[in-house]
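Dear colleague,

I am handing over the structure below, and my notes on what was found in it follow directly after. Please read them alongside the model.

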Amino acid sequence: MTARSNRSKADQDPAGGRRLCRYGAEWTATELRRGLAVDEAERDRLPDIAAGCGGTYVEFTPAP
């Protein structure tokens, strides 16, 4: 990932409903895939994100 591609993401509005749902689902899948612990801030925020994401499913394959 380059600095330029990272900056281009900053131009996107993170409040965009479906984009936020996808981010929440991908974040959750990564946490599950890697067997990572969820910290308090994540535990507080992810349910809020998921509440507006009807029909969004998290699929993952555990990492070896």
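Predicted model: local features only at pLDDT ≥ 70, side-chain atom pairs only at ≥ 80, totals over all residues.

Thr28 is partly exposed, with a relative accessible area of 24%, where partly exposed covers what falls between buried, under 20%, and exposed, over 50% (1.4 Å probe, protein chains only). The areas themselves come from the Shrake-Rupley method with a 1.4 Å probe, and for residues only the protein chains shown count as cover.

Residues are numbered from 1 along each chain as its sequence is written, and side-chain values use heavy atoms, with hydrogens and water left out.

As to the overall build, the protein chain has three helices and zero strands, and its elements run α-α-α from the N terminus on; helices (H or I, at least four residues) and strands (E, at least two) are DSSP runs, numbered from the N terminus. Of the 64 residues in the protein chain, 14% are buried.

A search of the whole structure finds one aromatic pair, and it is formed by Tyr23 and Trp27, whose ring centres are 5.9 Å apart and whose planes stand at 40°, so the pair is tilted. Because they are four residues apart in helix H2, Tyr23 and Trp27 are separated by about one helical turn. Tyr23 is partly exposed at 46% relative accessible area, and Trp27 is partly exposed as well, at 32%.

The search of the whole structure likewise finds one salt bridge, meaning a side-chain nitrogen of Lys or Arg within 4 Å of a carboxyl oxygen of Asp or Glu. Its partners are the side chains of Arg22 and Glu26, which meet at 2.6 Å, N to O, and both residues lie in helix H2, four residues apart, about one turn of the helix. Arg22 is exposed, with a relative accessible area of 58%, whereas Glu26 counts as partly exposed at 42%.

Patches are made of residues with over 30% relative accessible area and no salt bridge, with like charges joined within 9 Å and nonpolar side chains (Val, Leu, Ile, Met, Phe, Trp, Tyr) within 5 Å. Phe60 lies in the segment after H3 and is partly exposed at 36% relative accessibility.

A patch of negative charge gathers Asp39, Glu40, Asp44 and Asp48 on the surface. Here Lys and Arg count as positive and Asp and Glu as negative, while His and the chain ends are not counted; the place of a charge is taken as NZ of Lys, CZ of Arg, CG of Asp or CD of Glu. Asp39 is found in the loop between helix H2 (17-34) and helix H3 (40-51), and at 43% relative accessibility it counts as partly exposed.

With kind regards

How values were computed:
Phe/Tyr/Trp six-rings, centres within 6.5 Å; stacked < 30°, edge-to-face > 60°.
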